[in-house]
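Take a look before reading on.

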Amino acid sequence: MTFRIGAGIAPALGDLRLAGPGDTLLFLHDARDRTDFARYWEAAAVAVFRGAAVTVVTA
């Protein structure tokens, strides 16, 4: 599954923490505009540890 995180879109933090092999976390270019960005970045670290992939869009 692909989880998209941006200024106006994001899954539940618990769903991200459960992501694993075969899942991708896609941080959109405006994700850092979220007030809770640090919490999503931390959840992404858990997902990577579990085997998920992370992609960051910069433009």
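Predicted model: local features only at pLDDT ≥ 70, side-chain atom pairs only at ≥ 80, totals over all residues.

Residues are numbered from 1 along each chain as its sequence is written, and side-chain values use heavy atoms, with hydrogens and water left out. Helices (H or I, at least four residues) and strands (E, at least two) are DSSP runs, numbered from the N terminus.

Let's start inside. In soluble globular proteins, nonpolar side chains tend to be buried together. The largest nonpolar core here has 14 residues, and Ile5, Leu16, Ala19, Leu25, Phe27 and Tyr40 touch the most other members. At least two residues of this core come from each of β1 (2-5), α1, β2 and α2, with α2 giving the largest share, five residues. (A nonpolar core is a set of buried Ala, Val, Leu, Ile, Met, Phe, Trp, Tyr and Cys residues joined through side-chain atoms within 4.5 Å.)

Next comes Leu26, in strand β2. Leaving out residues up to four places away in sequence, Leu26 touches Thr2, Phe3, Arg4, Ile5, Thr55 and Val57. Its C-alpha atom is 16 Å from that of Phe49, 23 residues apart along the chain.

Now for the charged pairs. Side chains of opposite charge can pair when their charged atoms come close. How many salt bridges does the structure hold? There are two, a salt bridge being a side-chain nitrogen of Lys or Arg within 4 Å of a carboxyl oxygen of Asp or Glu.

| Salt bridge | N to O distance |
|---|---|
| Arg17 and Glu42 | 2.8 Å |
| Arg34 and Asp36 | 2.9 Å |

The pair of Arg17 and Glu42 links distant parts of the chain, with Arg17 in helix α1 (residues 13-17) and Glu42 in helix α2, 25 residues apart. (Buried means under 20% relative accessible area, exposed over 50%, partly exposed in between, with a 1.4 Å probe and protein chains only.)

Arg34 sits in the loop between β2 (24-27) and α2 (37-50). Not counting residues up to four places away in sequence, Arg34 touches Ile5, Gly6, Ala7, Ile9, Ala10 and Tyr40.

Arg39 is in helix α2. Leaving out residues up to four places away in sequence, Arg39 touches Leu13 and Arg17.

Trp41, Val48, Val54 and Val56 make a nonpolar surface patch of about 330 Å². Patches are made of residues with over 30% relative accessible area and no salt bridge; like charges are joined within 9 Å, nonpolar side chains (Val, Leu, Ile, Met, Phe, Trp, Tyr) within 5 Å. Accessible areas come from the Shrake-Rupley method with a 1.4 Å probe, and for residues only the protein chains shown count as cover. Both α2 and β3 (53-56) supply at least two residues of the patch. Val54 lies in strand β3 and is partly exposed, at 32% relative accessible area.

Key. Contact = heavy atoms within 4.5 Å.
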